[in-house]
Amino acid sequence: MPVKHNPRQLKKKQKKDVRPHLRVCELKNIQSVDDVYDRLLETICLPKYFGRNLDALYNSLGTDVPGPFKIIWLDHATSADKLGELYYEGLIDIFRAIAQERADAQIVLDESENTPAKA
């Protein structure tokens with residue numbers, strides 16, 4: 001005989017099992033700041049009204065993007081020349097600031113940060 005569940009019990013169980021989904025954006029082969037914006041838009045749900053500038057990126061990552069999310073940019077140094085100093089330094093500063101300000105945001109800029117520590 002099948003077991004019947006009370007609908008209230010099912011809703012409570014479903015609520016308990018709900019965990020936020022970690023969204024991951026891996027930045028690779030970045031040729032321009034627009035590449036960064038496009039990848040972030042595709043993967044971590046920047047709002048559609050995002051203004052595609054550094055100030056808007058900081059504001060969106062700080063308040064508009066629901067967590068948790070993780071941004072991985074291991075080859076960032078190779079993109080520095082293509083982005084130019086202003087955009088490169090600006091992006092790095094923004095990512096580091098967001099990682100400090102938000103407990104649900106992870107920024108990985110170095111291979112050692114992405115590898116679990118060995119005991």
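Visitor: Before we start, what should I know about the model and its numbering?
Guide: It's a predicted model, where local features need pLDDT of at least 70, side-chain atom pairs count only at pLDDT 80 or more, and totals for chains, interfaces and linings use all residues. Residues are numbered from 1 along each chain as its sequence is written, and side-chain values use heavy atoms, with hydrogens and water left out.

Visitor: And how do the helices and strands get their names?
Guide: They are DSSP runs, numbered from the N terminus: helices are H or I with at least four residues, and strands are E with at least two.

Visitor: OK, helix α2. Which of its residues are buried?
Guide: In α2, residues 33-43, the buried ones are Val33, Val36, Tyr37 and Leu40. Buried means under 20% relative accessible area, exposed means over 50%, and partly exposed is in between, using a 1.4 Å probe and protein chains only.

Visitor: Where do they sit around the helix?
Guide: Looking down the axis of α2, the buried residues fall within an arc of 95°, so they line one face of the helix. The arc is taken from the directions from the helix axis to the C-beta atoms.

Visitor: What covers them?
Guide: The cover includes β1 (23-26), α3, β2 (69-72), α4 (76-83) and α5. Contact here means heavy atoms within 4.5 Å.

Visitor: Let's take α5, then. How do α2 and α5 pack?
Guide: Their angle is about 30° and their axes are 10 Å apart. The axes are lines fitted to C-alpha atoms, for helices over the stretch in contact, and angles run from 0 to 180 degrees between N-to-C directions. α2 and α5 are therefore roughly parallel to each other. For the cut-offs, under 35 degrees is roughly parallel, over 145 roughly antiparallel, 65 to 115 roughly perpendicular, and the rest oblique.

Visitor: Which residues make that contact?
Guide: Val33, Val36, Tyr37 and Leu40 come from α2, and Tyr87, Leu91 and Phe95 from α5. By class, that contact has 7 nonpolar, no polar and no charged residues. Ala, Val, Leu, Ile, Met, Phe, Trp, Tyr, Cys and Pro count as nonpolar, Asp, Glu, Lys and Arg as charged, and the others, Gly among them, as polar.

Visitor: What about α3 and α5?
Guide: Helix α3 (residues 54-64) and helix α5 (residues 85-101) pack at about 15°, with axes 10 Å apart. That makes α3 roughly parallel to α5. The contact of α3 with α5 has 11 nonpolar, 2 polar and 1 charged residues.

Visitor: What does Leu91 touch?
Guide: Leaving aside neighbours within four places in sequence, Leu91 is in contact with Val33, Val36, Leu54, Leu57, Trp73 and Leu83. Leu91 and Tyr58 are 33 residues apart in sequence, but 8.8 Å apart in space, C-alpha to C-alpha.

Visitor: Now α4. Which residues are buried there?
Guide: His76, Ser79 and Leu83 are the buried residues of α4. They cover an arc of only 55° around the axis, which puts them on the same side of α4. They pack against α2 and α5.

Visitor: And what's on the face turned away from that buried side?
Guide: That face of α4 carries the exposed residues Ala77, Thr78 and Asp81. After α4 comes Gly84, with a positive phi near 85°.

Visitor: Which loop residues have a positive phi without being glycine?
Guide: Asn29 is one of them, at about 50°, in the loop between β1 and α2. Arg52 has a phi near 55° and lies in the loop between α2 and α3.

Visitor: Are those two buried or exposed?
Guide: Asn29 is exposed, with a relative accessible area of 56%, while Arg52 is partly exposed at 33%.

Visitor: Last one: where's the cis peptide bond?
Guide: The cis bond joins Gly67 and Pro68, with omega about 0°. Pro68 is in the loop between α3 and β2.
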